[in-house]
Amino acid sequence: MTYNPAYLIMRILFVADGRSPIAQNWIRYFAARGDEIYLASTFACPASVGFPINDLEVIPVAFSALKKVNQNPGSASTRTLGLRTVFKQWFGPLTIRRAAQKLREYIAQVKPDLIHAMRIPYEAMLAADSHAPHVGRPLIVSTWGNDFTLHAPSTRLMSHYTRRTMQVADALHADCHRDLRLARKWGFDAEKPGLVIPGNGGIRNDVFYPPAKPVEEPVIINPRGFRPYVRNDAFFKAIPLVLAKQPNAKFFFASMAGESQATHWVRELNISHAVQLLHPLPHVKMAEVFRRAQIVASPSIHDGTPNSLLEGIACGCFPIAGDLESIREWITPDENCLLFDSTDPRSIAGAITSAIENKSLRSKAAGMNQNIIASRAEYKQNMQKAKEFYEEVMRTI
């Protein structure tokens, strides 16, 4: 394929979960630029995904057809999600070949300039299995936080398809440098183009910005929802330990209203007076919740760069998080963040209590973190890099 840099309009095919705010952030940017946007969504979703696109094709894979159109991806208990994840790791790869034939036909119909598959299981696995490099349509793959650490080694078929995907990919987008390193171990050629920017493209500073003055009340928000790699069980058990020292502390939990597991923990631990379980909220409303909080917490054991953690930081929250290599790419412990063991309620409680009690640390961190968001996580800057990355890939492939 000969790419003319003067040709400004790109025809882009995204292979993604069309319900995902992360995918929508990317698609929105290029749609607003005037590029031709086609979406092969692995889940049923509205035809417009919130903004106009040229065409939508739903191609279920790994039993995604069983999900409802408006079902929140994180709306299930930890146990249910864990069982669902294990089931899909064992049997999801068996669905790829048939779905890949349908995607291959759609690619032939659309004739995109490039294909961007967002998340290795199962969107990029699907795209890789349908990929025909001789036709000159480069394949860009985005890795999401736990693709290599949780999913890739889980079963022999997951390992096989992850390795094949990395060998077939023409370029890689990751949200942390760790994943670029891990990608090479899984077969990605170090000579191929790579881009490291936040998974959702970055922080929209017209939505996520700090409050007029720092929050003085001890309000802690856990924005992660139910995910199999987030230790909400340990986090809830930490709350009584915090309340023993900070009885006025309040805890917000995103996307947990009506969840039986969360309700059970609240009742069992007798902490209803200190806990508010929130419904899923649009970004604008979620930003308002962040601005009411003093601390944002991420108790995960597998992760890249959590988008919600960056959003909380952008809204002035002091971050505390599980001690992961990818998190350390953004922070310096005890300077602009506190780290904990996500499996240990006492470790989590200690970090929360220390953050509440250490106002000078929070004040110092606020300035550092705003500079980090501005220099490394701003949406428009990063999406400009993404556009240039697309152009580089089309020039070199």
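Leaving aside neighbours within four places in sequence, Val 196 is in contact with Ala 174, Asp 175, Cys 176, His 177 and Leu 180, where contact means heavy atoms within 4.5 Å. The model is predicted: local features need pLDDT of at least 70, side-chain atom pairs count only at pLDDT 80 or more, and totals for chains, interfaces and linings use all residues. Residues are numbered from 1 along each chain as its sequence is written, and side-chain values use heavy atoms, with hydrogens and water left out.

**Val 196**
- Val 196 lies in strand E7 (residues 194-196); strands (E, at least two residues) and helices (H or I, at least four) are DSSP runs numbered from the N terminus.
- With 25% relative accessibility, Val 196 counts as partly exposed, a class between buried (under 20% relative accessible area) and exposed (over 50%), for a 1.4 Å probe and protein chains only.
- A distance of 27 Å separates the C-alpha atoms of Val 196 and Pro 93, which are 103 residues apart along the chain.

**Asn 146**
- The loop between strand E5 (139-142) and helix H5 (147-151) contains Asn 146.
- Asn 146 is buried, at 8% relative accessible area.
- Apart from neighbours within four places in sequence, Asn 146 is in contact with His 151, Tyr 229 and His 302.

**Helix H9**
- Ala 262, Trp 265 and Val 266 are the buried residues of helix H9 (residues 260-269).
- Viewed down the axis of H9, these buried residues fall within an arc of 95 degrees, so they line one face of the helix; the arc is that of the directions from the helix axis to the C-beta atoms.
- Exposed residues Ser 260, Arg 267 and Glu 268 are carried on the face of H9 turned away from its buried side.
- Asn 270 follows H9 and has a positive phi, near 60 degrees.
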